[in-house]
Amino acid sequence: MTNISDLVTRAGGVFLLPVAVAIVAFFLIGVPSSWLTLTIAGLAMGMMIFLMASGLSLVFGLMDVLNFGHSAFVSFGAFVAASVLAWLSGWLGSPSVILNSLALILAIAAAVVFGLGAGWFFERVIVKPVYHDHLRQILITMGALIVAEQMILAIWGGAPVSVPRPHFLEGSIIIGDASVEIYRIFAFCLGAAVYVALHVLLNRTRIGLLIRAGVENREMVEALGFRIDRLFIGVFMLGSGLAAMGGAMWAGYETLITPALGAEMMIIVFIVVIIGGLGSIQGTLLGAIMVGLFANYVGFLAPKMALASNMILMMVILLWRPSGLAPAVK
Amino acid sequence: MNTAVTHPANKGDLIVKAIVLVIAAALLFAPFLFQDVRSVEVAARICIFVVLVASYDLLIGYTGIVSFAHTMFFGFGAYGVAILLKQMGPGWGPVVLGTLAGVTVSIIVATLIGLLSLRVKAIFFAMITLAAASVVLVLASQLSGFTGGEDGITYRVPDLFKPATKLMVDEDGKVLRILGVKMNGKLAAYYFVFLTCFILFLFLLRVVASPLGTVLEAIRENEGRAEGIGYRVVAYRTFVFCLAATMASIAGSVYAVWLKYTGPDTALSFAIMIDILLMVVIGGMGTMWGAVIGATLMVLAQYYLRDLMAVASEATSAIPLLPDLLAPDRWLFWLGIIFILLVYFFPAGLAGTIMKKESH
């Protein structure tokens, strides 16, 4: 027994879970082409959720602040990107790939810039006065979420907004018998790139060192003379920007968005950070991919169960590991 | 966030209690004081929400647990009665059975959630309850064969509560009027709501004044110390979560009988949860009296503020964006801002602030 568990730990421990889920699903589904389609869909969904959830998890890890208003950035990102894409619809319609991607980049950039700005405002005005008071934090960020949702309703109205996709991301490619949507591959690649960038930032730079040190022992870092509150604004803005980026990607994925988007994603984002363990990027990625895969497999195998599947996944994992799969060291 | 640990002859305390007494008297005589249908509707809603908010305050104000699943329990109670009344036809049996079923489901779910997540961080608990509540909401709209889906369920209530029922008749055999109010089933239904809610509220008052209430406050103030003295924090928390869930469930059952309709919007939606949160914060966390004040103010605002906003929106129609923000549908926007300001500047809420200010 110990040999096996040693082997599992050395090979990656809990990070093997998605692989295990995928293998089990392969035998349950039985059709390789469907399995491949579902797996890629799950990975793409997981990566987009990772973008949305990573900021929440980092902010919690660094400052012990849980932002219930986080999903507001997701919805704002989605709507800002949708507006920019609609505005540039001429570029999108043209056959030129350069104009296409320029429009896409502009849309995502607009969402991220908006997220950064909104994050700064949110941190200064909403969150800063209630550091170290969890109860009021939950209440205030919840209030901010209500206000943000109402603002979206006032600006964009309650009707669903359709999101045009760049021409070159439409359609799908055929691998063997399986057809894979190009947008999903794009979402996966972007998510993976962001993960790698975050990983490098956290593990290879001086700022990352300070952030990780702050997660582990905030007072000590402050005592050594570093202004951790400035660092925190930076992390908060980064997290908000990433959430807006995730929202923008999600808008392109869904192609039809409603103001309820934020509230829907919030639940999934919460489940992801709970599963992954608050405060760590690896844990969030793991949780996001687990949720993405699980949702797609269950949606295929037992559509009736799809709704409750994330909840069941969370309950099982919490029973097994009460603080999540890979929490930051606290 | 100190509760009002007050002396009996405290002036602020008396003011708050006097306000509550006035509200209670107004509710007691509501059908006689305000004789249009809408006002009685408002009064019944206030009664229900006083219980709902008071039981939520038991969690958030007295024990320091933040739960977003309170409407879920409210919904269990409402749907329990609604489904049984629909299936078994009108009568007292389905009402009692439905209430019991709602309470049972609530206690089971509350115990599961409590034992699973009350031992971890408070913040996890908030997130888990939010997730659970949203799953139940989605389930309720998906299992349409059972719950009526988005449309909800309409049903008939026991004969006593039918508007056509005559409680008292005059010599001609017509419905007797006292002070202009018809003694019919609608009146009986209102007093059924009022009395049930009154009893539940008194029970909650008794709970917070009991030794149990003191232990809960101890847990809120310093969890580690409470554990150290020898109180089993997880057991107490789970118990109080179940108790609050039971109260919410019964309130839901009563509301279902009053409305004769149960659907996601009236019993389960997240908007109700936000209402409850606003009421608790406006009234004041950690005082049962605050629940009465908060619920009354919010329900009145819900019914009458929108009319005002419609007027304001008309008046500002020349200015861009402002009429959009002033539209009656956007009233949550303003309440959200008021909510944030209240949490910043008056964390003790109206009742708490009055009690504190006048005590010096």
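What percentage of the 330 residues in chain A do buried residues make up? After that, please examine closely how helix α3 and helix α8 of chain A meet.

Analyst: The model is predicted. In chain A, 49% of the 330 residues are buried. The chain contains 14 helices and 4 strands. Its C-alpha atoms fill a box of roughly 60 × 60 × 35 Å along the principal axes. The radius of gyration of chain A is 20 Å, which agrees with the value near 20 Å that a compact globule of 330 residues would have. Among the contacts in chain A with a separation of 6 or more, 78% join residues 24 or more positions apart.

We may now turn to the pair of helices. Two packed helices are described by the angle between their axes and the distance between the axes. Helix α3(A) covers residues 32-63 and helix α8(A) covers residues 182-204; their axes come within 8 Å and cross at roughly 40°. The crossing of the two helices is left-handed.

On the side of α3(A), the contact is made by A:Ile40, A:Ala41, A:Leu43, A:Ala44, A:Met47, A:Met48, A:Phe50, A:Leu51 and A:Ser54. From α8(A) come A:Arg184, A:Ala187, A:Phe188, A:Gly191, A:Ala192, A:Val194, A:Tyr195 and A:Leu198.

A:Ser162 belongs to strand β1(A), which spans residues 161-162. This residue has 13 other C-beta atoms within 10 Å and is therefore partly exposed. Setting aside neighbours within four places in sequence, A:Ser162 is in contact with A:Thr255 and A:Leu256. A:Ser162 also lies 9.6 Å from A:Ser83, C-alpha to C-alpha, although 79 residues separate the two in sequence.

Finally, chain A has a partner. In the contact between the two chains, 35 residues of chain B meet 30 residues of chain A. Helices of chain B that each supply at least two residues to its side are α5 (92-117), α6 (122-142), α13 (270-283), α15 (322-326) and α16 (331-345). The largest share, 14 residues, comes from α6(B). The side of chain B that touches chain A consists of 27 nonpolar, 5 polar and 3 charged residues.

Note on methods. Residues numbered from 1 in each chain as written. Chains lettered and ligands numbered in written order. Predicted model: local features only at pLDDT ≥ 70, side-chain atom pairs only at ≥ 80, totals over all residues. Contact = placed C-beta atoms within 7 Å. Nonpolar A, V, L, I, M, F, W, Y, C, P; charged D, E, K, R; others polar. Axes fitted to C-alpha atoms, helices over the stretch in contact; angles between N-to-C directions. Left-handed = near helix turned anticlockwise from the far one by under 90°. Buried ≥ 20, exposed ≤ 12 C-beta atoms within 10 Å, placed from the backbone. Rg over C-alpha atoms; globule rule 2.2 N^0.38 Å.
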